[in-house]
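User: I would like to go through this model one feature at a time. Please give the general idea for each, then the case here.

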Amino acid sequence: RSPPQNPHDLSRHDIPDILKTIHAEVRERFGQHAGKVADYIPALAQASPDAFGMAVVTLDGDVHTVGEAHAPFSIQSISKVHTLTLALDKAGDDLWKRVGREPSGDPFNSLIQLEHENGIPRNPFINAGAIVVADVILSHYDDPEAALLAFLRERSGNPDIGRDDEIWESERKSGYRNVALANFIRSFDNIENDVQAVLDFYYFQCALKMNCIDLARSLQFLACRGKCPSSGEQVTSIERARRINAVMMTCGTYDAAGEFAFHVGLPAKSGVGGGIVAVVPHVMNLCVWSPGLDQKGNSLLGGYALHRFTRMTGLSVF
Ligand code: DON
């Protein structure tokens with residue numbers, strides 16, 4: 001199938017048929033090619049590597065799905081996009097004095113750069129950066145958990161989004177790296193609040209459960225110049241939406257961001273629960289979920305599905 005000349009014209013794509021084709025290709029890879037489920041958070045290890053769901057939500061509000069697109073899963077690091085949006089809303093561009101905008105080229109939970117870089121994490125999407133963003137949220141919101149939940153419920157239209165208690169407990173018990181990161185950053189005075197309170201909020205955001213449709217809808221404002229296409233509400237400024245997309249493109253999949261730009265060509269954010277959200281600016285949002293991960297912590301079949309989608313449609317920012 002060769003992509004049409006003007007891929008942005010959605011009438012040229014048979015999206016249900018494209019999703020069906022991708023689903024069939026993905027199913028052939030179940031088993032030994034499905035990746036490895038994250039087990040460093042014990043409660044995540046229960047997921048099946050052969051689960052797969054995918055949702056496309058266009059700016060007109062059309063929703064197309066295949067597989068288990070309605071199954072809630074642990075959103076993990078995808079929440080780092082939502083918290084960055086909330087933190088920028090309150091702290092403005094001063095946030096960038098406390099966290100950078102460069103890809104790290106190191107694993108998402110690495111400590112190594114912080115020592116040479118004064119406790120300023122490379123970007124808001126590695127764990128270190130998201131912990132600083134969580135601290136900013138604690139400084140600006142009276143009830144940070146309620147604020148994040150309200151944001152996610154409103155943006156996705158799903159009032160039932162909530163925390164998975166088992167995963168939250170599991171992360172609290174086993175988050176040795178995050179404890180180390182937060183304390184190390186605190187030693188450089190780049191955390192203002194109680195370290196345990198910051199970590200508890202960080203674990204809360206990671207332990208939220210959403211499905212592919214909720215997640216694609218929740219970031220529609222990034223495809224629509226900062227505006228929610230259904231309500232017309234300006235969620236963030238045009239410039240900020242562009243910049244969040246830029247950071248997703250360069251840092252959203254950690255030390256695989258170069259590979260992702262090469263194979264998929266869209267701003268995207270992954271989580272170790274196996275979800276990946278991608279943005280096609282001015283056109284649509286995508287979310288895929290498959291819990292088997294590659295060595296960098298990104299969903300293996302999810303990345304494959306996005307690659308196939310952009311190849312078949314020609315939809316890419318390049
Ligand atoms: O803090 C952690 O390690 C996890 N709660 C989140 C990491 C994550 O999702 C990285 N993504 N690929």
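User: Is Glu 171 buried or exposed?

Analyst: This is a predicted model, in which local features need pLDDT of at least 70 and side-chain atom pairs count only at pLDDT 80 or more, while totals for chains, interfaces and linings use all residues. Residues are numbered from 1 along each chain as its sequence is written. A residue is buried if 20 or more other C-beta atoms lie within 10 Å of its own, exposed if 12 or fewer, and partly exposed in between, with C-beta atoms placed from the backbone. Glu 171 has 25 other C-beta atoms within 10 Å and is therefore buried.

User: Which helix holds Glu 171, and what does Glu 171 touch?

Analyst: Helices are DSSP runs of H or I with at least four residues, strands are runs of E with at least two, and both are numbered from the N terminus. Glu 171 belongs to helix H6 (residues 165–174). Contact requires C-beta atoms, placed from the backbone, within 7 Å. Leaving out residues up to four places away in sequence, Glu 171 touches Ile 41, Tyr 203, Cys 206 and Ala 207.

User: Where does Asn 178 lie, and why does Asn 178 have its burial class?

Analyst: Asn 178 is in helix H7 (residues 176–187). Asn 178 is buried because 21 other C-beta atoms lie within 10 Å. With residues up to four places away in sequence not counted, Asn 178 touches Asn 127, Ile 131, Leu 199 and Tyr 202.

User: Which residues surround the ligand?

Analyst: A residue is near a molecule if its C-beta atom, placed from the backbone, lies within 6 Å of it. The residues around the ligand include Ser 77, Asn 127, Glu 171, Asn 178 and Val 272. The shell has three nonpolar, eight polar and one charged residues. Here Ala, Val, Leu, Ile, Met, Phe, Trp, Tyr, Cys and Pro count as nonpolar, Asp, Glu, Lys and Arg as charged, and the others, Gly among them, as polar.

User: Which residues does the UniProt "binding site" annotation cover?

Analyst: UniProt positions follow the numbering used here, feature names are shortened, and annotations may be inferred rather than shown by experiment. The unreviewed entry covers Ser 77, Asn 127, Glu 171, Asn 178, Tyr 202, Tyr 254 and Val 272.

User: What is the strand order in the open sheet of three strands?

Analyst: Strands of a sheet pair through backbone hydrogen bonds, either parallel or antiparallel. Two strands pair if DSSP finds at least two bridges between them. The order is S4-S6-S5, with antiparallel pairing. Strands S4 (73–74) and S5 (162–163) are the edges, each pairing on one side only. Two bridges join S4 to strand S6 (residues 208–210), and Phe 73 stands opposite Met 210 in S6.

Methods. Two residues are in contact if their C-beta atoms, placed from the backbone, lie within 7 Å.
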